[in-house]
Each structure stands twice: as structure tokens, then as C-alpha cells.
Amino acid sequence: MSSSAHITKCVILARGLGTRMRREDANAALDTSQSAAADAGLKAMIPVGRPFLDYVLSGLADSGFRQVCLVIGPEHEGVREYYSNTVRLERIQVAFAIQEKPLGTANAVLAAEGFAGADEFLVINSDNYYPAEALALIQGLGQPGTVLFPADVLVRESNIPEERIRAFAYCVVDRDGLLADIIEKPDPATAARLESEKLVSMNCWRFGADIFQACREVPQSSRGEFELPQAVRLAIQKGAKFKVAICRAGVLDLSRRSDIAEVAARLRNVEVRL
């Protein structure tokens, strides 16, 4: 496995069905192009000045990433067309991996195995805009690991309401600064038992090639999906070590129609250079 302090490859999970984004919201004022993208569930391509994913890619390029693999579905030819022919890419290369069916995030990562090869790589969501601090922390890990976010920081600095954060995965870090466990959607009693600073996973991972075996072996969840947090738990049980860095900056979340206006406002003065 090729490992170095600085990594240049990123896998972006853009295959989801966008179920929450497709839901009608009478209170969300969208223009025609935003409505069309929301109706299609294509969160990453929702225009917020320009397609949301453009901002994500520009931020990655700022942080030294040079090669991106978008994991998309076979029906997402519009995404391929845009990044292959419509927009000019000067700082970052975009490749594609097809996840034939929406079988979960672990299955999506597995689709990018050919792109990653033996190199360490970043995995992020396509509907989140991660701060430069988080990407710098990922680069600084120097080994597989994750960047976690204190729940109170996400509430204060992001556009994510507290009740939504309660449904995210919480993480347990051991005294050596390694990830010990991931607790998906903890019930209130479990959440209360966690340490005072609740650390939330926003799916910002640095992996080596050994994650692919865990993604192959992870069992289906109750939702019928192969889920990345469970693959990470399986890898930990088999001896993998994931170093943790903590980021005290916010993450923009574009998962619902009600998010679009605020995300657009927060990105209004962000320069995009692809």
C-alpha cells in the first residue's frame, strides 16, 4: 500500500437517491433550475451560483488534491457530460465510477477500487462542503483515519439543526487518539452516556487499500445496504487503526430543499477555480 503524508486522490460519493431532496417543501423558494435538480435528487448538481459540486472540487484543489473519482449511477450521464465536456478543468482531474445499484456507501466505495489502486485516498459526501481546516487535517494525519466534528460546533457553525445532528453517527475515540467505535443514530440514552464532547462523523475519511476488503465483507444493514460506518467498524475489529483529528469548523449540508438558500448565501463569495 502506498502511503505518504500528502494524498492527492479523493472519492466523492454521489450515487445516492436524494430521497430527502426530492421531497416537496412549500417553504423552500427554489428557482427553475434548482427545482429540476432537486426533483431529480441530484444534490451535488444543484445550482447555488454554480453547481454545488464545483465548490467542493475547488476546495479539494485548494488543499492539494489532484484526482477525483465521482461515484455515480448509470442514470447520471448529465454529471459525466458536465465534468467531461461542459466545464474546463485545469487544477483537478475528474474520473467516474459506476455504482450500478444504490446499495449503500460501502458498496459505493468499492466501486472506486480501480481508481484508488494501492494509494491512500480521501472519501467524502457529494452533498457536504467541508472546510479547508478539515481537508488540511486529513492531509496532516499521515495515515488512514478520519476527521470528526464536535456536535456543538456543527450546530453553531454549520447550517445543520441540532435535531438532524442527533441522527448522525457519533464516534468514540480511545486515549491513543484512535477511532474505537462508531454508533449510528444513537438513542437519547446512549447519546447521553457518551463523553461530554460528542464527536460526529460527517463521512470524511482517509483510507488505504485494505478498506476494500472490509467493504466486501460487511453484512447488509437492516435497510438492505452495505454501509461504510459498519465496514469501518469491521476493519477496526480486524485490527485496522484509524487516527482521529478533530475539526472545530462547520460543514455545509445540502441534503434538503430547505438547505439550498442558506448554502447558496454562504457560498456566494467563495471563488471557484477548477
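Leaving out residues up to four places away in sequence, Leu60 touches Cys10, Ile12, Phe65, Val68, Ile92, Leu122, Ile124 and Leu135, where contact means heavy atoms within 4.5 Å. The model is a predicted one, in which local features need pLDDT of at least 70, side-chain atom pairs count only at pLDDT 80 or more, and totals for chains, interfaces and linings use all residues. Residues are numbered from 1 along each chain as its sequence is written, and side-chain values use heavy atoms, with hydrogens and water left out.

Leu60 is also one of the residues that touch the most other members of the largest nonpolar core, together with Ile12, Leu70, Tyr83 and Leu122. This core holds 58 residues; such a core is a set of buried Ala, Val, Leu, Ile, Met, Phe, Trp, Tyr and Cys residues joined through side-chain atoms within 4.5 Å. Helix α3 (residues 52–62) gives the largest share of this core, seven residues. Another core, of 34 residues, lies apart from it and includes Val71, Leu148, Cys171 and Ala231.

Val155 is partly exposed, at 36% relative accessible area (buried is under 20%, exposed over 50%, partly exposed in between, with a 1.4 Å probe and protein chains only). Beyond its neighbours within four places in sequence, Val155 contacts Ile160, Glu162 and Ile165.

Finally, Asn203 sits in strand β9 (residues 199–207) and is buried, with 10% relative accessibility. Its phi is near 60°, a positive value in a residue other than glycine.

Technical notes: Helix = DSSP H or I, 4+ residues; strand = E, 2+ residues; numbered from the N terminus.
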